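Subject: Handing over the two-chain model

Dear colleague,

I am passing this structure on to you, and my notes on what was found in it follow below. Please read them with the sequence and the structure open beside you.

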Amino acid sequence: MWELVINNFREYIGRGFIIAVYLCALVYLFVTEKRKERRILFVYMPLTVLIIFFNPLTARFFAGSTDENIYFRILWLLPVTVTLADFFTEIFLRFKGRARITVLTAEVLLIVLGGRLMYTDDGRLDNHYELAQNEYHVPQTVVDICDGMIVPGREIVAAFPKELFLYVRQYTPYVVMPYGWDDVKKAGYGATVPLRGYIENGGATAQELAGLGHEAQCHYLVVPEENRPEGDMAECGFTEVSNIDGYIIYKSELQYFGLWDE
Amino acid sequence: MTFGSVLLSILWLILIPVAVGSAFDFGRGKREKICWSWLFGQLLLWSAFQAIAVFEVKKGNSFPELKKIYLMIVMISVAVSLLITLIRALIRKKKGESVFGEKDVSIASYFEGESKVKKVLSILSIVIILTEMVLLVVLSYADGDDSYYVAETTMTAASDKMYFALPYTGREIPLDIRHSFAPFPTWLAFISVITGTVPVSMAHVMFPVISLPVTYLLYALMGKEILEEKRSELPVYMFFTTLLVLFGFYSYMTPEKFLLTRLRQGKATLASLVIPMIMMCLYMVLKSLRDDKKTDFRIYILLFMLNTAGCLCSSLGAVLCAVPPVLCALFSCIMYRKFRHVLPLLASCVPCVLMAAFLRFAV
């Protein structure tokens, strides 16, 4: 349990500097603050939250009743921004004239250098900024591929690589997938579903890929060009219908594409 | 996204909440009253949605049924609130008072003394907020959880059913109790249908762009409460707040990170709006104890609604929202030796207790 607490705390504090400043502010308030209402809200309550958080019994209860990876959310009860904004304002006001400007500069530098700019992109697939390509904030490739698949009035099953399936069902509910982001959550960036593994990593023969596609009742398979399977997919029941932005779209010859009441 | 859908979004996300909240007549002066009205109104609407949605989902009713009932409640709330506000305004006018009660604190009063520094800091804060709003439109942010929450919104808006399939894949599943009891994505689906906005655009663009400045306004309101006699230093406080938010990506889990990147997910609204507002309400309760004044009962109503809204945002809201009022009740009893506020504070946690009980026995 202790490991769960420490891991969550370590991940929450990140670089640690801002939280260190916050803890200093907490100590400062503990020593200097006389007003009871402020002591309760900015000192006693946060300290109790920290005691609750670092209590292995709380962690055990939490892990038993929900996802242990979200244990850090207890720390949302620490009013970090409010306390620091108030703390910095108070220090700023203690000085006058030029000294005040110096203090302000020092405080700004502390936040800028100790924190991290929100728009920093560290290349993670699920923490990634890019220029919006449309009003949906979904990659245009996903929009084009899905628009080409959708049959009004029914759902279509399609398998995608992870960089696309993150967005597919945000854009349209009419494309159903044999696996989704839940598989990424289960397996990190690996794959527990063999079909996903072949689509994302390649190395499959046409027979293997098509076999798994048919097994998952896929109407379409979307495969990155560099992972094109060896052999002829058409012979295995999947015809290459288009290539959109480097993704090959295979259409099943075995699945029914009409409406069920036709 | 058409011009009409933008206007309708402003209507549903700002004007209707302000109209509903105007009945509470909370705050000093026109500007503060509008901010408080939004907070009271939006929380009343969220609470109503939570109450209806939980039962509708459990009963297995369809999304159109939920839409119909909620729409009716919104219309009645708007009509009743506006009527109350109108009658109050007429009475005040008759008495020769200002329609908005107390007069606004003039903006110029914030710039007394070292006005140049404060002016520069105010301008910088506004520039930071506007830049963040522009970047919310111009930059797209990928987050894995969107493939659950935004997909749920899209699915609900299109299929007229609620929580019948796993949003990740679309495969049908038995009712997902944990997520269905925190139906923030369903509320977003309602807003996108009623405003004619594509659900994914509502979630990624419209809702965050409208909610971000509102959240900052609420932070300013909180700053005013906390600064008290140093109220005129609000520009300095807000500058530090905006800067701390802008540089708040010291980890992936900070409320600031959730505010600027994942506002479309209920948990982000919980972390960056609901929990700070609970703290503000508690501060107001503590101040009334300090001054030995009767606590305005509307604060307890607001706390009750905040706790209900916390449950709408996330199932974890049931725990997180209940902790601060309970701790506040405990410490204030010890420090002030006064007990009159304990019962209302504990009563404000009833929605959280109910939610926890539902989750415990229904899952």
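In chain A, the axes of helix 10 (residues 194-201) and helix 11 (residues 206-215) come within 9 Å and cross at roughly 135°, where helices (H or I, at least four residues) and strands (E, at least two) are DSSP runs numbered from the N terminus, and where axes are lines fitted to C-alpha atoms, for helices over the stretch in contact, with angles running from 0 to 180 degrees between N-to-C directions. That angle makes helix 10 of chain A oblique to helix 11 of chain A, since angles under 35 degrees count as roughly parallel, over 145 as roughly antiparallel, 65 to 115 as roughly perpendicular and the rest as oblique. The crossing of these two helices of chain A is left-handed, a term used if the near helix is turned anticlockwise from the far one by less than a right angle, with right-handed used if clockwise. Pro194(A), Leu195(A) and Tyr198(A) of helix 10 meet Glu208(A), Leu209(A), Leu212(A) and Gly213(A) of helix 11, two residues being in contact if their C-beta atoms, placed from the backbone, lie within 7 Å. Sorted by class, this contact has five nonpolar, one polar and one charged residues (Ala, Val, Leu, Ile, Met, Phe, Trp, Tyr, Cys and Pro count as nonpolar, Asp, Glu, Lys and Arg as charged, and the others, Gly among them, as polar).

Before going further, please note that this is a predicted model, in which local features need pLDDT of at least 70 and side-chain atom pairs count only at pLDDT 80 or more, while totals for chains, interfaces and linings use all residues. Residues are numbered from 1 along each chain as its sequence is written, and chains are lettered from A and ligands numbered from 1 in the order in which they are written.

Next comes the sheet of chain A. Five strands form an open sheet in the order 3-2-4-6-5, with mixed pairing, two strands being paired if DSSP finds at least two bridges between them. The edge strands of chain A are strand 3 (175-176) and strand 5 (238-244), each of which pairs on one side only. Strand 2 (residues 156-159) of chain A runs parallel to strand 3 of chain A and is joined to it by two bridges, with Ile156(A) opposite Val175(A). Strand 6 of chain A pairs in the antiparallel sense with strand 4 of chain A over five bridges, and also in the antiparallel sense with strand 5 of chain A over six bridges. The bridge partner of Tyr220(A) in strand 6 of chain A is Lys251(A), whereas that of Glu240(A) is Tyr250(A). Strands 5 and 6 of chain A form a hairpin with two residues between them, and Asp245(A) in the turn has a positive phi of about 50°. Five of the six residues of strand 6 of chain A are buried, which is the term for a residue with 20 or more other C-beta atoms within 10 Å of its own, against exposed for 12 or fewer and partly exposed in between, with C-beta atoms placed from the backbone. Helix 7 (residues 140-149) of chain A lies across strands 2, 3, 4, 5 and 6 of chain A and runs at about 140° to strand 5.

How many residues does each chain bring to the contact between them? The contact takes 69 residues from chain B and 65 residues from chain A. Several elements of chain B each supply at least two residues of the side that touches chain A, including helix 4, strand 1 (139-142), helix 8 (199-227) and helix 11 (266-290). That side of chain B divides into 48 nonpolar, 13 polar and eight charged residues.

His341(B) sits in the loop between helix 14 (323-336) and helix 15 (342-347) of chain B, and is buried, with 23 other C-beta atoms within 10 Å. Not counting residues up to four places away in sequence, His341(B) touches Val285(B), Leu289(B), Thr295(B) and Ser332(B). Asn307(B), in helix 12 (residues 297-313) of chain B, counts as buried with 29 C-beta neighbours inside 10 Å. The C-alpha atoms of Asn307(B) and Cys352(B) are separated by 6.3 Å, although the two are 45 residues apart along the chain.

Kind regards
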